[in-house]
Amino acid sequence: MNIKELEDRISIRELIDQISILGDQRNVHQQVQLFSEDAISETYSEDTILLKLKGRKEMEVAFTGFLENFETVYHLNGQQIIAINGDNATGTSYCQVTLIGNENSKKIKNTIGAIYHDHFIRINNNWLIAKRIGHFKWQEKSEVNL
């Protein structure tokens with residue numbers, strides 16, 4: 001592995017982490033700028049598609065609407081594998097997502113185990129996500145007692 005590949009791997013890891021951080025901060029407009037203009041985002045639970053979006057505008061509307069349901073959003077990124085081929089790359093990353101909102105006058109914590117399969121593209125020397133397929137592998141709900 002050469003220095004350039006190490007730099008690319010670090011840049012892609014920072015991209016993934018920045019997307020999560022901006023989601024936690026509810027800065028969806030800035031978050032979608034980390035996707036290519038015509039990016040595709042698909043989300044599945046088991047084999048059922050929950051969401052299929054194309055382009056930054058569609059993503060921004062959908063992500064903003066989704067986050068309005070929660071008062072706390074927290075992503076914890078874990079292991080990641082990346083394969084780089086010039087200005088394109090693919091990767092798999094694991095993420096634990098915690099969402100806290102109100103349901104039936106109770107605070108409910110929804111924890112999701114997600115695996116993301118990403119296709120990256122380098123545009124103007126910056127890595128962006130061109131396609132993200134998210135698989136929600138498990139989910140746990142519990143009441144939060146504060």
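Biologist: How many bridges pair E5 with strand E6 (residues 126-143), and in which sense?

Modeller: E5 and E6 pair over 16 bridges, in the antiparallel sense. Two strands pair if DSSP finds at least two bridges between them. Strands (E, at least two residues) and helices (H or I, at least four) are DSSP runs, numbered from the N terminus. This is a predicted model, numbered from 1 along each chain as its sequence is written. Local features need pLDDT of at least 70, side-chain atom pairs count only at pLDDT 80 or more, totals for chains, interfaces and linings use all residues, and side-chain values use heavy atoms, without hydrogens and water.

Biologist: Which residue of E6 stands opposite Asn110?

Modeller: Lys141 stands there. Now look at the turn. E5 and E6 form a hairpin with two residues between them, and Asn124 in the turn has a positive phi of about 50°.

Biologist: What joins strand E4 (residues 88-103) to strand E5 (residues 106-123)?

Modeller: 16 bridges, and these strands run antiparallel. Gly91 has Asp118 in E5 as its bridge partner. This hairpin also has two residues between the strands, and Asn104 takes a positive phi near 50°.

Biologist: Is Glu42 buried or exposed?

Modeller: Start with the cut-offs. Buried means under 20% relative accessible area, exposed over 50%, partly exposed in between (1.4 Å probe, protein chains only). Glu42 is buried, at 9%. Glu42 lies in strand E1 (residues 35-45). Leaving out residues up to four places away in sequence, Glu42 touches Ile49, Leu51, Lys52, Lys131, Arg132, Ile133 and Gly134. Contact means heavy atoms within 4.5 Å.

Biologist: How much space lies in the largest pocket?

Modeller: Rolling a probe the size of a water molecule over the atoms shows where empty space is left. On a 1 Å grid over the protein atoms alone, a pocket is an open set of points where a 1.4 Å probe fits, with protein on both sides within 12 Å along at least five of seven lines; lining residues have an atom within 4 Å of a point. Volume is the space filled by probe spheres set on the points, which are joined across faces, edges and corners. Here the largest pocket holds about 550 Å³. It has 23 lining residues, and the closest to its centre are Phe63, Phe66, His75, Tyr116 and Phe136.

Biologist: What is the volume of the second largest pocket?

Modeller: About 160 Å³. H1 gives the largest share of its lining, seven residues. Among the lining residues are Lys4, Glu7, Arg122 and Trp127.
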